[in-house]
Amino acid sequence: RCRQRLGTESYKKVGPMELHVPCRDPISHLLSQCNYRRRQFNCDAENFRKEIDKCLVFPNRFSKEDFHRNPDVALKCFNPLPIDHYLDFMGGKLQEKRVVNEYIHRDTNKPRDKEHECLRKNKEVASEVRN
């Protein structure tokens, strides 16, 4: 799989760009990844780093340094939930698809059992994990 870095010449040829990234609460995002990997975060563990690592999905996909190093890339954060607000905002800015197909939603994650997520209940541990 080819991975281009934002600091490379191929990105400089594109010119200035705005990269939109969904911003989520870090704890909610971590628990979503735990759910995806079918792992339960253990708030009683001695090593929270190990608990975090067992849940993360593609942890090195992006590098903050790439964004700071390249002045042609403006990073914009948007709230992904609900997505309708973002789609309305972007609707007038993007060109229409050349080939329009019916959208079919595909779940990538099973519903979470939020009642049994200890990080949602244990604010002290959640604060330590967040930092």
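Colleague: In this model, which side chain meets Arg120 in a salt bridge?

Modeller: The model is predicted. A salt bridge needs a side-chain nitrogen of Lys or Arg within 4 Å of a carboxyl oxygen of Asp or Glu. For Arg120 the N to O distance is 3.8 Å, so the pair qualifies. The partner is Glu117.

Colleague: How far apart are the closest N and O atoms in the salt bridge between Glu117 and Arg112?

Modeller: The side chains of Arg112 and Glu117 also make a polar contact. That calls for N or O atoms within 3.5 Å. The closest N and O atoms in the salt bridge are separated by 2.8 Å.

Colleague: Is Glu117 buried or exposed?

Modeller: Buried means under 20% relative accessible area. Glu117 has 7%, so the residue falls under that limit. Glu117 is buried.

Colleague: What class does the accessibility of Arg120 give?

Modeller: The relative accessible area of Arg120 is 38%. Values between 20% and 50% form the middle class. Arg120 is therefore partly exposed.

Colleague: Where is Arg112 placed?

Modeller: Leaving aside neighbours within four places in sequence, Arg112 is in contact with residues including Arg24, Ser28, Leu31 and Asn35. Ser32 is also among its contacts. Arg112 itself sits in the loop between α5 (83–91) and α6 (118–121).

Colleague: Which helix holds Ser32, and is Ser32 buried or exposed?

Modeller: Ser32 belongs to helix α2, residues 26–36. Beyond neighbours within four places in sequence, Ser32 is in contact with Arg24, Asn109 and Arg112.

Colleague: Which residue forms a salt bridge with Asp25?

Modeller: By the 4 Å rule, the count comes to five salt bridges. In the one with Asp25, the closest N and O atoms are 2.9 Å apart. The partner is Arg130.

Colleague: How many residues apart are Asp25 and Arg130?

Modeller: Asp25 lies in the loop between β1 (17–22) and α2. Arg130 is in helix α7, residues 123–130. The pair links distant parts of the chain, 105 residues apart.

Colleague: What class do the accessibilities of Asp25 and Arg130 give?

Modeller: Asp25 has 36% relative accessibility. Arg130 has 43%. Both values lie between 20% and 50%, so Asp25 and Arg130 count as partly exposed.

Conventions. Residues are numbered from 1 along each chain as its sequence is written. This is a predicted model: local features need pLDDT of at least 70, side-chain atom pairs count only at pLDDT 80 or more; totals for chains, interfaces and linings use all residues. Side-chain values use heavy atoms; hydrogens and water are left out. Helices (H or I, at least four residues) and strands (E, at least two) are DSSP runs, numbered from the N terminus. A polar contact is a pair of N or O atoms within 3.5 Å; within protein, one must be able to donate a hydrogen and the other to accept it, and residues adjacent in sequence count only if both atoms are side-chain atoms. Contact means heavy atoms within 4.5 Å. Buried means under 20% relative accessible area, exposed over 50%, partly exposed in between (1.4 Å probe, protein chains only).
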